[in-house]
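Me: I would like to learn how to read a protein model. Please take me through it one feature at a time.

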Amino acid sequence: MAKEKPPILGMIQRGGPVVIQMLDNVQQTTIQPVIQSTIAPGTLIYTDEYAIYDRLESWGYARKSVCHGAGEYARDEDGDGFYEVHVNTMEGFWSLLRSWLRPHRGISQSHLPIYLGFFEFVHNARKRGKALLSSLLELIIS
C-alpha cells in the first residue's frame, strides 16, 4: 500500500448497487475471492480488455469485453441499435467518486476505505439531502 494511488476494484450492476474495495495488489488471486463473494456464478460480466479478467470464464462467469486500447468503448453485438457491451456504468461511477474525493486531497490510505465505504453506501441508498440522513440513522440503529 505504499503506492500513492492504491488499486480499487469496482463492480456495479447496471441500474443497481455498486461494490468497491481497496486491494493490496492487482492480481487474479486477489480479485477472485472478492468477485466470487459478490457476483453469482454464471453471471455475464462486462469488462475492458485488462488481462486480470481473463480467468473469469474458468471461475464460472460469462464475459464480454470492450478493447479501449483499440478505441472501442461500446459494441452492439445483436444489431438492435443498443450498444449493450460496455463498461460505461462503472466508468461513470469512477468519475463521480473522483469528483467527490477531489476536495479531500491528501486522504490517508488508512482512511480511504472509510471514504470508499461511505460513498458506496450513499450511491446504493440513492438518497440525497435529508432523505440520506434517515437512511444513515436506520443503518446505525440496525
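Me: What share of the residues of the protein chain count as buried?

Reply: Buried means under 20% relative accessible area, exposed over 50%, and partly exposed in between, with a 1.4 Å probe and protein chains only. Here 31% of the 142 residues of the protein chain count as buried. This is a predicted model, in which local features need pLDDT of at least 70 and side-chain atom pairs count only at pLDDT 80 or more, while totals for chains, interfaces and linings use all residues. Residues are numbered from 1 along each chain as its sequence is written, and side-chain values use heavy atoms, with hydrogens and water left out.

Me: How many helices and strands are there in the protein chain?

Reply: Helices (H or I, at least four residues) and strands (E, at least two) are DSSP runs, numbered from the N terminus. The protein chain has 4 helices and 6 strands, and from the N terminus on they run β-β-α-β-β-β-β-α-α-α.

Me: Which residues of α2 are buried?

Reply: An α-helix has 3.6 residues a turn, so residues three or four places apart point the same way. In α2 the buried residues are M90, F93, W94, L97 and L101. Seen down the axis of α2, these buried residues fall within an arc of 100° (taken from the directions from the helix axis to the C-beta atoms), so they line one face of the helix.

Me: What is the volume of the largest pocket?

Reply: Rolling a probe the size of a water molecule over the atoms shows where empty space is left. On a 1 Å grid over the protein atoms alone, a pocket is an open set of points where a 1.4 Å probe fits, with protein on both sides within 12 Å along at least five of seven lines; lining residues have an atom within 4 Å of a point. Grid points are joined across faces, edges and corners, and a volume is the space filled by probe spheres set on the points. The largest pocket has a volume of about 1700 Å³.

Me: Which helix or strand gives the most to the lining of the largest pocket?

Reply: α2 does, with 7 residues. The lining has 48 residues, and I8, L9, G10, M90 and W94 lie nearest the centre of the pocket.
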